[in-house]
Amino acid sequence: QVRLVESGGGLVQAGDSLRLSCTASGGTLSRHEFAWFRQAPGKERELVADFPWVGGTTNYADSVKDRFTMFRDYVKSAVFLQMNSLIPEDTGIYYCAARQIGPQREWTFWGQGTQVTVSS
């Protein structure tokens, strides 16, 4: 059982930067993949970025490529989402998620979410 706790959301202006943190505990993290999702008001939840805990490549949604960077800190057992050049369309609740590496594709573990609001 992996427990995820996000932090770092807030209210910023367009063009600003923000860094989200997700602390992971429980389970064997090296056997999991991690992701950031977001859900804007009235829209479905969408995948922002994801990677395996160890190695692998990072995948980004087209809407955030070249602006967002997902990275990890093994010592802190945390994943981060560095968001630069924020735009109002980035507004939403951001969730950290994890799933065990394997054939099942469902994201099993979720954090509580953190609100990001970008004003124009």
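Which residue forms a salt bridge with Glu-33, the closest N and O atoms being 2.7 Å apart? In this predicted model, that partner is Arg-99.

**Glu-33 and Arg-99**

- The salt bridge between Arg-99 and Glu-33 links distant parts of the chain, 66 residues apart.
- Arg-99 belongs to strand 9, which covers residues 92–100, while Glu-33 belongs to strand 4, which covers residues 32–39.
- Arg-99 has a relative accessible area of 7% and is therefore buried, the cut-off for this class being under 20%.
- Glu-33 also falls under that cut-off of 20%, because its relative accessibility is 13%.

**Glu-33 and Arg-105**

- The side chain of Glu-33 meets that of Arg-105 in a salt bridge as well, with an N to O distance of 3.8 Å.
- Because Glu-33 lies in strand 4 and Arg-105 in the loop between strand 9 and strand 10 (109–110), this pair ties together parts of the chain that are 72 residues apart in sequence.
- Arg-105 is partly exposed, as its relative accessible area is 46%.

**Arg-38, Glu-46 and their network**

- Glu-46 and Arg-38 are joined through their side chains by a salt bridge of 2.6 Å, N to O.
- Arg-38, Glu-46, Arg-67 and Asp-90 form one network, joined by salt bridges that share partners.
- Glu-46 counts as partly exposed, with a relative accessibility of 32%.
- Arg-38 counts as buried, with a relative accessibility of 6%.

- Phe-51 is part of strand 5, which spans residues 46–52.
- With a relative accessible area of 1%, Phe-51 is buried.
- When neighbours within four places in sequence are left aside, the residues in contact with Phe-51 are Glu-33, Phe-34, Thr-57, Thr-58, Met-70, Phe-71, Arg-72 and Val-79.
- One of these contacts, Glu-33, is the residue that forms the salt bridge with Arg-99.
- Phe-51 and Ala-98 are separated by 47 residues in sequence and by 9.7 Å in space, C-alpha to C-alpha.

Technical notes:
Residues numbered from 1 in each chain as written. Predicted model: local features only at pLDDT ≥ 70, side-chain atom pairs only at ≥ 80, totals over all residues. Heavy atoms only, no water. Helix = DSSP H or I, 4+ residues; strand = E, 2+ residues; numbered from the N terminus. Buried < 20%, exposed > 50% of the residue type's maximum accessible area, 1.4 Å probe, protein only. Contact = heavy atoms within 4.5 Å. Salt bridge = Lys/Arg side-chain N within 4 Å of Asp/Glu carboxyl O.
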